[in-house]
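Here is a short briefing for a first look at this structure. Start with the sequence and the model, then read the points by topic.

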Amino acid sequence: MDIGTLGGIIGGFVLIIGSMFASGASLGLYIDPASAIMVIGGSYCALMVANPMQRVLGIMKYAKHALYLKNYEREKLISTLVSFSEQARREGLLALEDGLDELEDKFLEKGLRLVVDGTDPSLIKSVLYNELNQIEERHNCGIKIFDDWGKFAPTFGMIGTLQGLIAMMASLGDQSAVGKGMALALITTFYGAIFANLILIPIKSKLEDRHKDEIMVKEIMVEGVLSIQSGDNPRMVEEKLLAFLSPVEREMVKAESSSGE
């Protein structure tokens, strides 16, 4: 579970509700189920118009990626690839086959099996990057869902406000109802702004970060597989892969390599 995502949403609501109490106004003034239905339900319907039904119905699958943080262990991955490189240099590419079943990542396993099978390097690169493109396409679908929803929610908040203003203008004869009507008319805009800026847009940004992390890991795998296939020196393989990491992470990998020696 990513504490930052869940904690940020909860903390945001706590601060908003706290500011309501601090203003001295009754909390009941900010509660209007009809406005919530307009914002959430209306924007979700617009989402169904803008996207394939199957994708919209599976929206929780995309949201789950924002709530759960996957540890890709890039340092361990690089050490594993360097170990495969050393084994290939000592015993030949066919010797790698024995350790492939132990790999948890199917993408890496596929790449190394292509190497063991003696596949042409250009074909290996084509196959792996084609799969990488498919992964990117699936990620972009989830990002687009929350991007669209983040745009629709404030708009439906404004629609609800206009709807309330129309009703208020129709009853201008009752001056005592004008202030209350105006407050209710603005609640949908209030809900739309909160829903979009505290939940939808942040989740979209978090999905973009998750996407970058996974794509970087896959690119490390592709670079490592191609380097092993070409018979590069293990030290050169390590240097190529370390270029993907931050300076701190590089030192961790080098320390682990030194301790292994």
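The lining of the largest pocket has eight nonpolar, four polar and nine charged residues by class. Keep in mind that this model is predicted.

**The largest pocket**
- Its volume is about 640 Å³.
- The lining of the largest pocket counts 21 residues. Nearest the centre lie Tyr72, Leu77, Glu104, Asp105 and Met221.
- Three helices, α5 (74-91), α7 and α8 (176-230), each supply at least two residues of this lining.
- α5 gives the most, with five residues.

**The second largest pocket**
- The second largest pocket holds about 470 Å³ of space.
- It is lined by 18 residues. Closest to its centre are His65, Tyr72, His139, Arg210 and Glu214.
- At least two lining residues each come from α4 (59-67), α7 and α8.
- The largest share, five residues, is supplied by α8.
- By class, this lining has six nonpolar, four polar and eight charged residues.

**Helices α2 and α7**
- Helix α2 spans residues 33-50, and helix α7 spans residues 121-170.
- Their axes come within 8 Å and cross at roughly 130°. That angle makes α2 oblique to α7.
- The crossing of α2 and α7 is right-handed.
- On the α2 side, the contact is made by Met38, Val39, Ile40, Gly42, Ser43, Tyr44, Ala46, Leu47 and Ala50.
- These residues meet a set in α7 that includes Lys144, Asp148, Trp149, Phe152, Phe156 and Gln163.
- By class, the contact of α2 with α7 has 13 nonpolar, five polar and two charged residues.

**Helices α6 and α7**
- Helix α6 covers residues 106-116.
- The axes of α6 and α7 come within 10 Å and cross at roughly 165°.
- Angles over 145 degrees count as roughly antiparallel, and α6 and α7 are therefore roughly antiparallel to each other.
- α6 passes α7 in a right-handed crossing.
- Phe107, Lys110, Gly111, Leu114 and Val115 in α6 meet Ile124, Val127, Leu128, Glu131 and Leu132 in α7.
- The contact of α6 with α7 has seven nonpolar, one polar and two charged residues by class.

Key: Residues numbered from 1 in each chain as written. Predicted model: local features only at pLDDT ≥ 70, side-chain atom pairs only at ≥ 80, totals over all residues. Heavy atoms only, no water. Axes fitted to C-alpha atoms, helices over the stretch in contact; angles between N-to-C directions. Helix = DSSP H or I, 4+ residues; strand = E, 2+ residues; numbered from the N terminus. Parallel < 35°, antiparallel > 145°, perpendicular 65-115°, else oblique. Left-handed = near helix turned anticlockwise from the far one by under 90°. Contact = heavy atoms within 4.5 Å. Nonpolar A, V, L, I, M, F, W, Y, C, P; charged D, E, K, R; others polar. 1 Å grid on protein atoms, 1.4 Å probe; cavity = no way out; pocket = protein on both sides within 12 Å on 5 of 7 lines; lining within 4 Å. Points joined across faces, edges and corners; volume = space filled by probe spheres on them.
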